[in-house]
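Work through the exercises below with the sequence and the 3D structure at hand. Try each task before reading its solution.

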Amino acid sequence: MNTTNHSPGSDSPEPASAAYVQIRGLRTVLGGKLLFDGVDLDIPRGKITAIMGPSGTGKTTLVRHITGQLAADAGQILVDGRNVPQLSRRQLFELREGIGYLFQNSALLTDFSVFENVAFPLRQHLRLPEEIVRNIVLTRLQAVGLRGAAQLMPAELSGGMMRRVALARAMIRDPGLMIYDEPFVGLDPIALNQVLKLIRTLNDTLGITSILVAHEFAAVRRAADLVYLIAGGKIAAHGHPQELAERDSPWTRQFFGGEADGPVPFEYPARDYALDLGFPAAAA
Amino acid sequence: MTGDALAQVGAAGLFLFSILAAIPKSLRHYRETLRQIWFVGAMSLVIIMTCGLFVGMVLSLQLYYTLAKFGGTAALGTVVALSLFRELGPVVTALLFAGRAGTSMTAEIGLMRATDQLSAMEMMAVDPLAYVVAPRFIAGVIAMPLLACVFNVLGILGAHAVGVSWLGLDNGTFWGNMSANVEVWNDLVNGVWKSAVFGAVIALIATFQGYTTPPTSEGVAYATTRTVVSSSIVVLAIDFVMTAFLM
Amino acid sequence: MTQPRRSFQVGTGLFILLGFAALAYLATQTTSVANYTEGDNYLLKAKFSNIGQLKQRAPVKLAGVRIGSVKSIELDPQSLEALVTIGIDTRFHEIPDDSAAAIFTSGLLGDQYVGVQPGGSPVAFKDGDEFILTQSSMQLEDLIGKFLVSGDSSKGPAKPDAADPAAKNP
């Protein structure tokens, strides 16, 4: 990281240079609900770190904090040595040029063909000859196996293909950090495995730091090097996926074992049942 | 309720400033601006031309009937041209433009919001204000006056068809009277300015509604409706103010 | 993808061209600019005691046919009459020099124009000549006054085609 403005107060468990993203004391209130209450988190360089947790715990919100799309109420978020909450809009854009982001719903630009979608970041930021743009785009499309679909429009693609095009687009500028937001949602087992394999290959061949937001443990344990489990506004557990699966805590048992009730309650908080049904005797 | 409306007006005003601030950056995306002129301008031509023709024809009929009562049918060309250039051309074109192009701008941006395309641009370090909103705004300002001119031409031709070919007014009287009384700057160009302002207002409302819509299908539907309703009201109100104070 | 891009640009260019063509058509065909685009002409003068609402660029007609336009309107300091300079298209070069000029109104609400009534002289007007016979504009107020005095209220002066106000003069 070799930065000079790095906060000296950070008591990272690992050496600072190993962490690409470092979050300290994150606190977020969203829509009147306390989403994060003192989250500390380190994303090591060159590894795939999975952020897991039940639906609604704010996994996506957490990555939106990292990219500066959403401001946190308190806390420090260092991305490659830069403190995101203090960046101006221009600096944020500079930061994001080094981040590839795969959206939950792919977010392809519907007006443009597959080729133009993948070429979009290049055309917007660099003045390259058409020849070079074409070569870069086609190699990326080849990497995700969709070179033949270059002239199709996004509406003509299946969900899995859209995800792969979005992946090609996200990595077109060789980002230092890739963020995958729920990349497996809504994919059939074949497409899921294709995406999974791509994420793993990208990380192994290019040495990209990756953040994988997901809740499918079976898929995550095959890809991730490190897992953070978020629940109840805190980091409930973290560690290697295998080790985490074997650890015996109520959170991990419920989440990885898929039990319906546990620390994450089945029931939404409500008034007394008998009272709601109108039995005053029960309330007394 | 009025507080909400005021807050909306204030937010739209701030939005206008951020659009204007994004215009220098959007000049890099001139291709996108050209594409938008094609979409909001050229694609609106058919409806504008059809309506212009019919408005000119009915205007000619009505005014002929009225002028005949005063024996002033010779002034038909003048009255038709003045009503079209100063008032009907800009206003009717603006209302059609709001319905045809404004709604599609709102729906398009709203859907881009709902499908995370705007966030995706932000994440690719592309400012959606400069890439999506500003080109549409510029396209509205450029396309509206051109459409109003086309509307006026078709209106005059429609009026000529009814007045001269059907009702038997003298061809020379129609054109001569018109050209003797219509001023280029006072009548024609003022109408063109007016329609440029209308174009800006409609594009502002349409992009604002699309940009701030809740990202649901219901939200986009409501935003589209609001675009038509508010731009129609605002266009007519601004029309009165501009006519009263500037012309 | 370069092909659709290009066609957008061509289409947009055509649209902008069409818009400006429409503006140019309107400016040259329907407005007073149309009157500037005249061919060669020669100038004649005429003095009127009252020109009414006659304006610069008003048409000059002979037998209803447009033959020229009003170039300038001044006040003659000696006779205290309006001095109207009119330009006649050189195509109409055989107008007798004893023709009369009168200011008419096209319809009750219409504009005023200069009407030329041809005379019988074998000699034609030359550039810079002056009309000897002129007929001033009819003032609506005067006409109404005359009718009130004469008590003739059967038909007002508001005939649709007040082509010949001279006929109503006593």
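This is a predicted model: local features need pLDDT of at least 70, side-chain atom pairs count only at pLDDT 80 or more; totals for chains, interfaces and linings use all residues.

Residues are numbered from 1 along each chain as its sequence is written, and chains are lettered from A and ligands numbered from 1 in the order in which they are written.

**Exercise 1. The sheet in chain A**

Task: Find the order of the strands in the open sheet of chain A, and say which strands stand at the edges.

Solution. Helices (H or I, at least four residues) and strands (E, at least two) are DSSP runs, numbered from the N terminus. Two strands pair if DSSP finds at least two bridges between them.
- Step 1: The four strands follow the order S2-S1-S4-S5, and their pairing is antiparallel.
- Step 2: S2 (33–44) and S5 (82–83) of chain A are at the edges; each has a single partner strand, so one side of each is left without a neighbour in the sheet.
- Step 3: S1 (residues 19–30) and S4 (residues 74–79) of chain A are joined by five antiparallel bridges. In S4(A), A:Val79 is the bridge partner of A:Val21.
- Step 4: Helix H1 (residues 59–66) of chain A lies across S1, S2 and S4 of that chain, at about 120 degrees to S1(A). Axes are lines fitted to C-alpha atoms, for helices over the stretch in contact, and angles run from 0 to 180 degrees between N-to-C directions.

**Exercise 2. A helix pair in chain B**

Task: Describe how H3 and H4 of chain B cross.

Solution. Two packed helices are described by the angle between their axes and the distance between the axes.
- Step 1: The axes of H3 (residues 45–70) and H4 (residues 76–114) of chain B come within 10 Å and cross at roughly 145 degrees.
- Step 2: Residues of the contact include B:Cys51, B:Val55 and B:Leu59 of H3(B), and B:Val80, B:Leu84 and B:Leu88 of H4(B). Two residues are in contact if their C-beta atoms, placed from the backbone, lie within 7 Å.
- Step 3: By class, the contact has 15 nonpolar residues, four polar and one charged. Here Ala, Val, Leu, Ile, Met, Phe, Trp, Tyr, Cys and Pro count as nonpolar, Asp, Glu, Lys and Arg as charged, and the others, Gly among them, as polar.

**Exercise 3. The core**

Task: Which residues of the largest nonpolar core touch the most other members?

Solution. A nonpolar core is a set of buried Ala, Val, Leu, Ile, Met, Phe, Trp, Tyr and Cys residues joined through C-beta atoms within 7 Å. A residue is buried if 20 or more other C-beta atoms lie within 10 Å of its own.
- Step 1: Among the 160 residues of this core, they are A:Leu212, A:Val220 and B:Ile202.
- Step 2: Helix H6 (residues 128–166) of chain B gives the most to the core, 24 residues.
- Step 3: A second, separate core has 23 residues, among them C:Leu54 and C:Phe125.

**Exercise 4. Chain A against chain B**

Task: How many residues of each chain are in contact?

Solution. 
- Step 1: The contact joins 14 residues of chain A to 10 residues of chain B.
- Step 2: The largest share of the chain A side, four residues, comes from H3(A).

How values were computed. A residue is buried if 20 or more other C-beta atoms lie within 10 Å of its own, exposed if 12 or fewer, and partly exposed in between; C-beta atoms are placed from the backbone.
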